[in-house]
Amino acid sequence: MSESQATWDLAPAPESIGHVHWEKSYGLFINGQFQPSSGDQTFGSINPATEERIAEITEATDADVDQAVKAARNAYEKVWSKMAARERGKYIFRIARLLQEKAREFAVIESLDGGKPIRESRDIDIPLAAAHFFYHAGWADKLEYAFPNRKPKSLGVAGQVIPWNFPLLMAAWKIAPALATGNTVVLKPAETTSLTALKLAEIFQQAELPPGVVNIVTGHGSVGAAIVNHNNVNKIAFTGSTRVGKIIQKAIAGSKKRCTLELGGKAANIIFDDATIDQAVEGIINGIYFNQGHVCCAGSRLFVQESVHDEVIHKLKHRMNSLIVGDPLDKNTDIGAINSKDQLQTINQYIELGKQEGADFYQPQCNLPAKGNWCRPTLFTDVAQSNRIVQEEIFGPVLAVQTFRTVDEVINKANNTPYGLSAGVWTDKGSKIFNMTSQLRAGVIWANTYNKFDPASPFGGYKESGFGREGGLHGLAGYLDF
Amino acid sequence: MAKSNGASGEKNRLEVLKTYKIYIGGQFPRTESGRYYTPEVAGRPLGNICWSSRKDVRNAVVAARGAQAGWWTRTAYNRGQILYRIAEILEGRRDQFVTELQLQGLTKAAARKQVSQSVDRIIYYAGWCDKYQQVFSSVNPVSASYFNFSVLEPMGVVFVVASEESPLLGLVSLLAPIIAGGNTCIVLASESKPLSSITFGEVLATSDVPGGVVNILTGLRSELVEHFSRHLDINAIAIDSPSEPMLLSIQEFAAENVKRIRHYSVDWKNPDSENPYLIQDFCEVKTTWHPIEQISVSGSGY
């Protein structure tokens with residue numbers, strides 16, 4: 001078996017964009033209606049695979065954000081907090097159902113706007129987003145059972161700022177628990193991926209969600225800052241970089257705002273010599289190349305036990321050669337387009353840095369489309385713990401491989417990072433799994449699997465990967481006072 | 001200077017005064033800075049109290065970090081027994097605490113009540129050590145063939161700014177849940193009423209609490225705020241009744257390594273102020289996934 005042996009040549013299998021509708025331009029979704037901004041700024045949403053401008057998005061002003069917060073406050077005080085919890089839950093069930101009905105349309109738009117393979121948006125992002133609404137809907141009238149001997153109360157207006165890597169899923173992940181716990185929302189999607197959040201606003205209209213319960217304001221970082229700094233917001237929920245998370249934590253110091261932060265990561269994925277190697281290799285691939293590596297919990301630091309290092313690397317390179325990089329809408333595509341030109345530049349800088357730091361560089365020589373933002377799956381072996389490509393989050397398809405001999409050694413190396421979002425362990429020995437999973441300092445541990453998500457499963461980090469949990473019973477607490 | 005116990009009524013005998021020191025890593029050193037301050041109650045000096053420095057904070061963090069893994073990997077039952085032991089030893093030294101609390105301005109009746117409540121509070125949390133996990137953990141019904149569960153783990157090293165006004169009960173009310181949850185901590189004692197905090201260190205030192213699990217410093221809050229808030233090896237900060245400016249600066253500095261900040265303004269005499277949510281406040285939720293093999297047609301699920 002040669003490492004560079006490619007798999008089959010597959011005929012193109014593009015998902016049709018017929019029967020998929022989105023507007024050519026979108027206003028801001030405030031108080032149940034799309035409306036223009038008080039300013040006159042707009043920006044294009046770019047398809048990162050073709051570099052085409054596929055919609056005009058409105059840049060919200062501070063006045064727009066203020067109006068959205070007022071709408072949310074008004075809806076909270078007059079409607080949402082007064083409504084019977086069961087009825088509140090029924091609205092959220094409705095949203096889940098409508099999203100399921102339109103799943104294909106959302107999947108296509110998600111891939112067009114963000115560059116992720118249709119296989120992932122179709123099988124993961126959209127179904128999980130719907131599942132988040134369905135799961136949380138049922139909590140609305142059962143919150144007393146989640147917190148023994150306490151009386152949960154909603155907070156008020158939640159300001160939510162989400163990233164571009166899972167645009168609709170992050171919106172659902174934020175909005176569903178906020179609504180179920182009785183709060184109203186002002187949400188800002190990332191500037192490169194606003195479309196599915198705006199399509200979700202159409203679903204809110206169709207579901208007859210009372211005006212102002214969810215407001216969506218689009219734009220760049222300044223819009224997020226306006227939400228975070230707004231006096232009439234009770235809670236900030238942010239998913240994004242650790243750098244911005246720290247700015248937010250500092251910005252709300254001294255205020256009474258509640259906060260949950262889901263920040264960066266540099267997860268260890270650990271392969272022991274008694275692992276089922278073929279499955280582990282699949283897990284490594286899924287861990288780092290899923291969603292172009294634009295995943296905060298990506299398994300970007302691979303630790304391989306020395307005795308199986310050569311075998312694992314050989315099989316890994318072979319598997320990398322069968323990955324198809326290209327058209328996100330093609331059902332055979334494994335790695336789609338890098339979300340933006342900026343991000344591609346960041347990734348390429350890290351790849352150059354890795355080479356300069358002296359690591360062994362490997363990429364399969366697959367064909368890339370002529371236009372668009374592309375990055376081949378990348379492997380660095382022979383890296384040192386102190387290398388920047390080991391220490392810093394790259395947020396792209398770049399894997400750094402280190403070896404280890406003993407359990408103690410790998411635990412020390414794996415925990416030697418300011419991050420603590422997730423980790424992976426591969427071994428066939430149950431007692432070893434539990435030793436590892438209890439000693440790794442991270443909020444989510446995948447044993448003999450990787451990158452699995454579920455609305456019932458709490459997600460969130462230790463250390464500089466943020467605080468608070470989202471999803472599951474534990475995720476509800478971040479939206480409640482007692 | 002303060003009398004450390006009330007048993008010096010004998011004629012022609014000079015009472016032996018107590019030197020109040022700080023408590024780091026199971027030892028009672030003086031502050032490395034050599035500095036002291038002399039708090040007074042009703043015009044009477046309480047003693048020459050260690051004026052701890054940034055270096056003392058750093059030493060205490062090293063001790064706390066070193067003790068953390070060992071403390072957490074003890075069985076919950078064992079942690080519960082050690083907490084119970086603290087209560088036993090405190091009960092045995094109640095007279096000394098009553099005397100010191102009186103020196104710090106309480107009436108005898110109030111001092112007695114504070115000691116009793118402190119003993120009972122420790123016992124309350126001793127009982128929680130092997131129970132909170134069952135109350136707060138979950139098995140999560142994910143929509144695929146995985147066993148998925150969430151458990152609590154300690155945040156790690158917690159810095160505690162203890163109650164200024166309630167030098168024993170306030171301290172115990174935060175300390176007990178924090179260590180019950182497997183954390184280790186550094187306590188900055190009441191600045192104006194430090195005697196009972198230091199003496200409480202002596203209780204800990206004779207209660208099978210491993211060195212470094214609890215470290216107690218005395219000194220000036222205004223000086224140390226920046227140092228403990230910015231320290232990169234502290235995971236969380238617990239503050240009792242902070243002033244607004246103090247809370248603001250702690251929260252700003254704490255962003256440097258995304259510390260968790262918890263602050264409480266409660267009357268610790270109130271029975272409602274003890275509950276297992278205080279343990280949870282200093283825990284992380286860890287979620288673990290593992291595949292469930294599906295071979296037989298019946299499958300399996302949670």
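Two strands are taken to pair if DSSP finds at least two bridges between them.

## Model and confidence

The structure is a predicted model. Its scores are ipTM 0.96 and pTM 0.96. Chain B has a mean pLDDT of 95, with 95% of its residues at 70 or more.

## A sheet across two chains

An open sheet of mixed pairing is formed by 10 strands, in the order β14(A)-β15(A)-β16(A)-β13(A)-β12(A)-β17(A)-β18(A)-β12(B)-β6(B)-β5(B). Its edge strands, each pairing on one side only, are β14 (360-362) of chain A and β5 (138-139) of chain B.

The two chains meet in this sheet where strand β18 (residues 444-447) of chain A pairs with strand β12 (residues 283-291) of chain B, in the parallel sense and over three bridges. Here Trp446(A) stands opposite Trp289(B). On the chain A part of the sheet, helix α11 (residues 341-356) touches β14, β15 (378-381) and β16 (398-404) of chain A. The direction of this helix makes about 35° with that of β16(A).

## Strand β16(A) and its neighbours

Strand β16(A) runs parallel to β13 (residues 301-305) of chain A, joined by five bridges, and parallel to β15(A), joined by three. Ala400(A) stands opposite Arg301(A) and is also the bridge partner of Phe380(A).

Because seven of the seven residues of β16(A) are buried, the strand is largely enclosed by the rest of the structure. In a regular strand the side chains alternate between the two faces of the sheet. In β16(A) both faces are covered: Val398(A), Ala400(A), Gln402(A) and Phe404(A) are buried on one side, and Leu399(A), Val401(A) and Thr403(A) on the other.

Terms used. Residues are numbered from 1 along each chain as its sequence is written. Chains are lettered from A and ligands numbered from 1 in the order in which they are written. This is a predicted model: local features need pLDDT of at least 70, side-chain atom pairs count only at pLDDT 80 or more; totals for chains, interfaces and linings use all residues. pLDDT is the predictor's confidence in each residue, from 0 to 100. Helices (H or I, at least four residues) and strands (E, at least two) are DSSP runs, numbered from the N terminus. Two residues are in contact if their C-beta atoms, placed from the backbone, lie within 7 Å. Axes are lines fitted to C-alpha atoms, for helices over the stretch in contact, and angles run from 0 to 180 degrees between N-to-C directions. A residue is buried if 20 or more other C-beta atoms lie within 10 Å of its own, exposed if 12 or fewer, and partly exposed in between; C-beta atoms are placed from the backbone.
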